[in-house]
Amino acid sequence: ETQKETLGFQTEVKQLLHLMIHSLYSNKEIFLRELISNASDAEDKLRFAALKDDGLYEGDSDLQIRLDFDKEANTITLADNGIGMTRDDVVQNLGTIARSGTAEFLQQLSGDEKKDSKLIGQFGVGFYSAFIVADKVDVFTRLAGAPVEEGVHWQSVGDGEFTIEQANREKRGTEIVIHLKQDASEFADGFRLRNLVKKYSDHISFPVIMKSEGSEEGEESKDETVNDATALWTLPRTEIKDEEYKEFYKHIAHDFEDPLTWSHNKVEGKLDYTSLLYIPARAPFDMYNRDAPRGLKLYVQRVFIMDDAEQFLPLYLRFAKGVVDSNDLSLNVSREILQNDATVDSIRTAATKRVLDMLSKLAKKDADAYQKFWGEFGTVLKEGPAEDFSNREKIAGLLRFATTLTGDSAQNVSLDQYIERMKEGQSKIYYITADNFMAAKSSPHLEVFRKKGIEVLILSDRIDEWMMGYLNEYDSKQFQDVARGDLDLGEVETEEDKKHKEEAAEEHKGLLERIKTALSDRVQEVRVTNRLTDSPACLVTGDFDMGAQMKKIMEAAGQ
Ligand code: ADP
Ligand code: MG
């Protein structure tokens with residue numbers, strides 16, 4: 001039965017198409033990278049599936065991507081002999097957006113083209129980017145191993161609907177025909193396409209094949225491979241240009257912006273693997289969504305095994321992207337096996353250290369870039385001290401704080417900077433936590449610190465108090481909450497201060513008793529203090545009591 005059906009795009013797809021066409025207008029050429037990236041993923045998936053069933057190759061295990069164009073017809077055709085799709089796959093993959101939270105994300109877009117193009121980039125544009133240059137797209141596809149009659153033809157002009165019908169497909173895999181808009185006809189050109197393939201897709205693992213230039217008018221058309229076609233991470237570092245690292249990042253991370261930094265390492269010896277790890281420049285919209293994809297792309301002996309292998313990095317480094325290619329793991333490795341495998345554990349320990357080192361290096365070499373990282377991912381990194389006991393000191397060194405010295409809410413002071421500025425005789429790192437920056441900044445607890453010129457870290461992120469519960473010291477200096485217990489200013493507190501406090505306590509003994517009786521069921525103790533210079537009184541928390549912020553979190557959680 002070859003009935004043609006017309007289906008509507010999911011609302012989110014319609015919105016995305018509309019926004020993309022308008023906001024990526026000046027970035028047209030990226031459509032080719034996206035489509036080649038998908039073709040490469042499809043080849044990867046087939047090679048993996050064929051490990052178990054090499055019948056899927058249907059006698060053709062020469063995996064490649066073909067790129068053709070037709071100037072007259074104003075079309076570009078991209079064909080892969082990868083895994084292909086069933087009818088249901090097509091309806092799902094080329095008609096909906098599966099990522100949860102997409103609708104909310106799209107609502108945030110403003111209509112301001114410049115701003116939105118950045119946001120869309122963070123979302124990942126993917127297949128739908130074809131409509132930046134196309135006024136019609138045909139997709140012909142057949143799942144590897146399926147009968148010829150199970151081929152599918154999808155077509156859309158990008159206006160909200162698509163058609164789908166059965167089509168006989170001798171060849172497995174996917175062929176995409178882009179009918180170029182009039183103002184995008186520049187892309188139906190061999191020179192232009194070759195350049196784009198080199199620029200964006202040089203180091204995907206599969207050859208991109210085009211007809212050689214000379215043969216277009218000539219009698220015989222010869223095929224040639226236009227890209228380098230060796231997986232980037234397998235090359236020696238010295239042979240890879242920054243631009244190539246960046247483009248490869250965009251391919252694997254489905255990102256649109258350059259990464260902030262990367263780290264490429266080949267490990268030989270007891271373990272034998274290569275890792276290529278990246279720090280993105282921008283947080284994905286669903287970073288706090290527990291089900292959002294995270295993890296690295298796993299290859300075993302250069303064969304793609306899976307996306308989003310979560311076992312290679314701890315949760316607090318979930319923003320890192322990249323590839324691990326192991327020669328020790330088995331090609332049959334599954335997610336279950338990854339969960340308790342000694343090799344995986346060792347790679348994870350090393351990869352964790354690499355990411356932390358990469359961040360330290362970035363902080364040293366480019367403070368602005370590090371500040372950008374901190375703005376995007378700081379609150380995620382703050383989960384680190386609790387999750388990763390063994391790396392606490394390293395993580396603490398990467399934290400950035402607002403302080404009383406800078407006086408503004410930007411978190412840009414490191415603990416090393418704080419320590420450098422410590423007063424003579426000061427032995428502790430002082431901090432204050434509060435619901436928000438202004439509340440913390442105007443707290444009476446800071447009065448004595450101002451008077452003495454001692455800097456105090458201002459912590460007002462939701463996670464801060466919880467995090468401080470896992471940080472006891474840094475560089476052998478203890479952390480001290482200024483609103484907690486008996487304030488110890490170390491040697492900064494002069495003998496005179498102490499004497500004054502003792503005398504005052506003696507003198508006002510009666511008053512203290514009376515206040516204590518009056519507040520008896522609400523406070524544990526009433527003391528004379530040197531903490532204050534202007535305010536008459538303040539509340540402090542016991543050394544072992546839950547802090548105010550933590551109490552609120554627990555209350556909100558119904559505890
Ligand atoms: P992403 O690549 O980030 O998953 P895309 O929008 O680029 O998102 O593609 C959506 C989905 O469509 C892919 O995940 C894949 O399942 C399917 N797809 C796209 N192109 C191909 C192709 N050439 N072969 C097989 N499947 C494809
Ligand atoms: Mg894609």
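Predicted model: local features only at pLDDT ≥ 70, side-chain atom pairs only at ≥ 80, totals over all residues.
## Sheet, helices and ligand shell

Residues are numbered from 1 along each chain as its sequence is written, while chains are lettered from A and ligands numbered from 1 in the order in which they are written. Helices (H or I, at least four residues) and strands (E, at least two) are DSSP runs, numbered from the N terminus.

**The sheet**

- Nine strands make an open sheet with mixed pairing, in the order β1-β6-β5-β4-β7-β3-β2-β8-β9; two strands pair if DSSP finds at least two bridges between them.
- At the edges are β1 and β9 (223–225), each pairing on one side only.
- From one strand to the next, the twist averages 20°.
- Strand β1 (residues 5–8) is antiparallel to β6 (residues 161–166) over four bridges, and Leu7 has Phe162 as its bridge partner in β6.
- Four bridges also join β5 (residues 152–156) to β6 in the antiparallel sense. These two strands form a hairpin with four residues between them, and Gly158 in the turn has a positive phi of about 75°.
- On to β4 (residues 134–142), which pairs with β5 in the antiparallel sense over five bridges; Phe140 has His153 as its bridge partner in β5.

**Helices α2 and α7**

- Helix α2 (residues 30–52) and helix α7 (residues 190–201) have axes that come within 10 Å and cross at roughly 65°. Axes are lines fitted to C-alpha atoms, for helices over the stretch in contact, and angles run from 0 to 180 degrees between N-to-C directions.
- Leu32, Arg33 and Ile36 of α2 make the contact with Leu196, Tyr200 and Ser201 of α7 (contact: C-beta atoms, placed from the backbone, lie within 7 Å).
- α7 also lies across β2 and β8, running at about 170° to β8.

- Ligand 1 is surrounded by 15 residues, the closest being Asn38, Ala42, Asn93, Gly126 and Phe127; a residue is near if its C-beta atom, placed from the backbone, lies within 6 Å.
- α2 gives the largest share of this shell, four residues.
- An unreviewed UniProt entry places "domain: Histidine kinase/HSP90-like ATPase" at residues 27–184; such annotations may be inferred rather than shown by experiment.
- Residues 27–184 are 32% helix and 25% strand, and their end C-alpha atoms lie 12 Å apart.

Technical notes: Contact = placed C-beta atoms within 7 Å.
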